[in-house]
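Have a look at the model first, then read on.

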Amino acid sequence: MKCFEAARIYFAGKGILSGSVSFGERIECTDIADGERIELPSDCVVLPAFIDEHVHGCGGADAMDGTVEALEIISETLAKEGTARFSATTMTASEQATLAAVRAVKEYRKIRGAADSAVIGAHLEGPFISDKHIGAQPKEFVKSPDKKFFDALRKESGDNIRMITLAPEIADADALIKHISECGVTVSAGHTDATYADIERARKCGLSCVTHTYNAQRGIHHREIGTAGAALCDDGLYAEIIADGIHVSGAAIGLLLKNKPHDKPVLITDAMRAKGCADGVSELGGQTVYVKNGEARLADGTLAGSVLKMNDAVRFVVRSLGSGLCDAVDLATANPAKNLGIYGEYGSIEVGKYADFVVLDSMLDVVMTVRGGKIVFSRG
């Protein structure tokens with residue numbers, strides 16, 4: 001057993017209070033300090049650890065590398081920014097490459113076990129998307145909806161697919177959305193030219209989220225508010241957002257937060273392998289990416305994922321948009337957990353949940369990350 005004693009702690013539904021929390025793999029008690037005490041600087045706050053439901057890679061590794069070793073590098077790198085759990089996010093790629101990626105997720109989770117697995121499952125970003133909003137996805141691997149291929153991916157993943165991004169307006173998407181939803185997998189609209197009516201129809205089939213809202217989708221027009229407009233107007237839709245001020249302006253992020261119920265926006269990084277590395281040339285989906293001054297772009301200038309850190313996304317929401325810390329943290333903890341259907345185990349500091357914590361200092365820099373009761377990063 002370990003504990004934080006007489007610390008500033010964010011308790012779900014109560015705010016930041018002076019208190020204690022005792023834990024092994026799971027949180028055992030939130031009112032008594034029992035076990036080895038973890039000493040913290042006086043300006044720190046203990047928060048639930050971040051969950052990144054949409055991240056491709058970092059530290060020079062990518063989920064599409066299709067190896068346990070790559071997932072280990074990603075998990076170690078993400079721990080430095082306070083992220084204890086993440087969805088290993090694939091790209092539109094060959095069937096063989098995508099199958100290898102989800103097999104690696106299955107193997108990693110088998111080796112690690114539930115408490116220690118940073119990977120909570122796979123997020124399939126493609127291949128059932130629209131080439132009208134391709135973004136940095138390789139166009140040659142885009143596929144029409146294919147239930148058989150999805151089922152093969154789900155089987156090879158060991159039933160560890162948590163989420164899929166697709167274009168709901170393409171032919172035969174409705175049947176696939178219904179099937180995927182019935183499998184307990186979150187279905188999100190992304191890389192899509194869907195109209196508002198398309199989203200409404202897909203909602204009835206089981207679609208429940210919008211991927212990186214505003215980016216790579218039909219935008220808002222006063223006669224057709226599109227996918228982005230649906231994200232803003234439909235209170236039931238979760239809405240991912242890349243809060244870096246590059247992919248989306250601060251005003252647009254503020255518009256989303258103002259319009260959505262508090263439990264629906266989800267902070268993501270959409271980061272690629274160059275995160276945590278020096279500026280220079282990198283790779284995403286077989287395409288050359290140029291990273292400079294916090295931006296990752298293809299040769300034609302298309303944004304290619306990000307190098308955003310999750311604590312920086314939280315900091316942006318707090319410092320640039322004036323959000324309270326607890327409200328901003330919810331967007332990176334409770335909300336993604338609810339979107340993925342795992343809030344019973346992760347996403348808040350409550351008895352019975354996994355002991356996942358991030359400790360931030362007054363500058364919102366990461367001091368410590370705990371996953372399943374183990375300290376996986378310490379600033380020292």
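1. Start with K143, which lies over the face of F149, 5.2 Å from the ring centre. The charged end of K338 sits over the ring of Y343, at 5.0 Å from its centre. A charge sits over a ring here if NZ of Lys or CZ of Arg is within 6 Å of the ring centre and within 35 degrees of the ring normal.

2. A word on what you're looking at: this is a predicted model, where local features need pLDDT of at least 70, side-chain atom pairs count only at pLDDT 80 or more, and totals for chains, interfaces and linings use all residues. Residues are numbered from 1 along each chain as its sequence is written, and side-chain values use heavy atoms, with hydrogens and water left out.

3. On to the ring pairs: the structure holds 4 of them. Rings of Phe, Tyr and Trp (its six-membered ring) pair if their centres lie within 6.5 Å; planes under 30 degrees apart count as stacked, over 60 as edge-to-face and the rest as tilted. F4 and F23 have ring centres 5.6 Å apart and planes at 35°, so this pair is tilted. F4 is in strand β1 (residues 2-11) and F23 in strand β2 (residues 15-23), 19 residues apart. Strands (E, at least two residues) are DSSP runs, numbered from the N terminus.

4. F23 also forms a tilted pair with F357, 4.9 Å centre to centre and 55° between the planes. F357 lies in strand β19 (residues 357-360), so the pair ties together parts 334 residues apart in sequence.

5. Buried or exposed, for F4? F4 is buried, at 0% relative accessibility; F23 is buried at 1%, and F357 is buried at 0%. Buried means under 20% relative accessible area, exposed over 50%, partly exposed in between (1.4 Å probe, protein chains only).

Definitions and conventions:
Helices (H or I, at least four residues) and strands (E, at least two) are DSSP runs, numbered from the N terminus.
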